[in-house]
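Good morning, and thank you for joining. Please take a look at the sequence and the structure now on the screen; I shall then take you through the two chains in turn.

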Amino acid sequence: MTAVAYAVLSVAAMLFLIRLVLGPSVPDRVIALDGLLVTVMCGVLVLAADQRSPIGIDTVLVVALLGFIATGVLARYVERRGG
Amino acid sequence: MTPVRASGLLLWITFLWVLLWGNLSAANALSGLAVAVVVLVVARLPRLSRRGAADNAKIAPLATLRFGAFVLVKLIEANLVLAWEIVTPRNRIHTGVVQVPLRTESDLAMMVVANVVTLTPGTVTIEVEQSPPVLYVHVLHLHDLDAVRRDLLRIEELSVRAFGSSAARAQLARNIS
Amino acid sequence: MDLLGGIALVLGSIFILLAGVGAVRFPDVYSRLHTAAKAPTLGVLLVGVGAVASIRTFQATVAVALVVALQFIAGPVGSHMLGRSVYRSLAPPLDGPDQLAERDDRHDVDRHDDDTDGR
């Protein structure tokens with residue numbers, strides 16, 4: 001089961017990477033980065049479920065917080081400097 | 001900040017600290033308390049609302065459950081609509097920005113509605129104005145302005161019924177009848 | 001319980017995949033923004049539920065609940081900020097009525113306003 005989850009998440013990560021490279025504007029790339037962060041967070045949660053141990057969940061919390069702040073800061077940057 | 005709110009926050013931060021450390025020991029609890037005090041002193045946490053105590057949330061448990069279920073259902077519906085959009089050709093997109101004047105003045109309600117709107121099918125909040133309380137929402141399939149407004153005002157109604165302050169509930173009752 | 005958790009994990013991952021496909025497939029910024037706001041939220045919720053179902057400790061449950069709550073609250077806020085910045089700076093054309101533009105014209109707001117502090 002977790003193997004399937006890993007596989008699906010890997011495909012999702014690759015798709016976000018494509019948008020990160022392609023995305024013609026900065027907001028596109030911000031969306032891709034945020035998506036990548038969420039994918040990684042879910043990956044760690046799947047790992048924790050697989051190992052039946054709460055390892056890495058604190059990391060997930062920190063990543064979630066920092067990711068949100070990063071999105072906010074980048075949004076302000078786009079607003080000031082244009083796409 | 002009121003003593004009630006301060007001690008509530010102290011307890012919450014200490015609880016989180018002990019939880020992240022994993023085991024409940026005297027050292028963990030005391031260091032947690034110290035961290036909580038430092039955080040409260042250093043960070044100037046904003047007030048929950050401009051109007052202070054007048055905006056105190058009065059939580060109605062059944063209405064809150066109903067609101068939670070509503071949000072969940074709308075979120076699932078939004079994702080299914082997205083999946084459908086991805087599979088079928090996209091020539092049905094007709095974007096626009098709708099102005100949604102809210103009926104209640106509560107900051108908490110406005111924040112919750114703006115959040116939930118982003119989670120409902122086809123809408124994302126773009127701009128928020130505080131007085132008078134107005135939400136500007138970007139819609140993917142904009143065919144009927146009033147229908148969109150009605151749906152979003154329903155969200156406001158459900159959330160105020162769940163945890164609106166007495167002032168907000170009164171405003172809602174006045175505007176609905 | 002483990003089986004249910006596994007199913008929730010896979011289901012959540014599928015919604016994250018949906019977000020990824022949406023990010024690549026949709027033709028303009030706004031629709032990609034819509035996807036990024038809605039799909040990861042449900043995905044994280046389901047994966048969180050799956051993780052809690054597999055690790056059944058109190059500590060893990062509270063930590064995962066915090067992560068899910070953060071995604072529910074901070075996710076849409078981040079999308080809102082991005083949407084606002086896209087509208088103000090890039091301003092891609094809209095098909096239908098734009099009532100925010102009408103309000104901006106009434107208040108004489110410069111849409112490429114550099115000074116966003118103090119608002």
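Let me begin with a definition: a contact means heavy atoms within 4.5 Å. This is a predicted model, in which local features need pLDDT of at least 70 and side-chain atom pairs count only at pLDDT 80 or more, while totals for chains, interfaces and linings use all residues. Residues are numbered from 1 along each chain as its sequence is written, chains are lettered from A and ligands numbered from 1 in the order in which they are written, and side-chain values use heavy atoms, with hydrogens and water left out.

I turn to chain A. Among its contacts between residues at least 6 apart in sequence, 49% join residues at least 24 apart. Helices (H or I, at least four residues) and strands (E, at least two) are DSSP runs, numbered from the N terminus. On that basis chain A has three helices and zero strands, in the order α-α-α from the N terminus on. The C-alpha trace of chain A spans about 45 × 25 × 10 Å along its principal axes.

How much of chain A is buried? Buried means under 20% relative accessible area, exposed over 50%, and partly exposed in between, with a 1.4 Å probe and protein chains only. Of the 83 residues in chain A, 45% are buried. Accessible areas come from the Shrake-Rupley method with a 1.4 Å probe; for residues, only the protein chains shown count as cover. Chain A exposes about 3,800 Å², and carbon and sulfur atoms supply 75% of this area.

Chain B comes next. Chain B contains six helices and three strands, arranged along the sequence as α-α-α-β-α-β-β-α-α. Buried residues account for 43% of its 177 residues. For chain B, 67% of the contacts between residues at least 6 apart in sequence join residues at least 24 apart. The accessible surface of chain B is about 9,500 Å², with 68% belonging to carbon and sulfur atoms.

The three strands form an open sheet in the order β1-β3-β2 (chain B), with antiparallel pairing. β1 (96-101) and β2 (123-129) of chain B are the edge strands, each pairing on one side only. From one strand to the next, the twist averages 25°. Axes are lines fitted to C-alpha atoms, for helices over the stretch in contact, and angles run from 0 to 180 degrees between N-to-C directions.

Consider the pairings. Six bridges link β1(B) with β3 (residues 134-139) of chain B; within this pair, Val100(B) has Leu135(B) as its bridge partner. β2(B) and β3(B) are also joined by six bridges, with Glu127(B) opposite Tyr136(B). A hairpin through four residues connects β2(B) to β3(B). Six of the seven residues of β2(B) are buried.

A further helix, α5 (residues 145-163) of chain B, lies across β1 and β3 of chain B, at about 50° to β1(B).

Finally, one residue. Asn28(B) lies in helix α2 (residues 26-42) of chain B. Why does Asn28(B) count as buried? Asn28(B) counts as buried because its relative accessibility is 10%. Not counting residues up to four places away in sequence, Asn28(B) touches Trp17(B), Val18(B), Trp21(B) and Asn23(B).

Notes:
Pairing = 2+ DSSP bridges.
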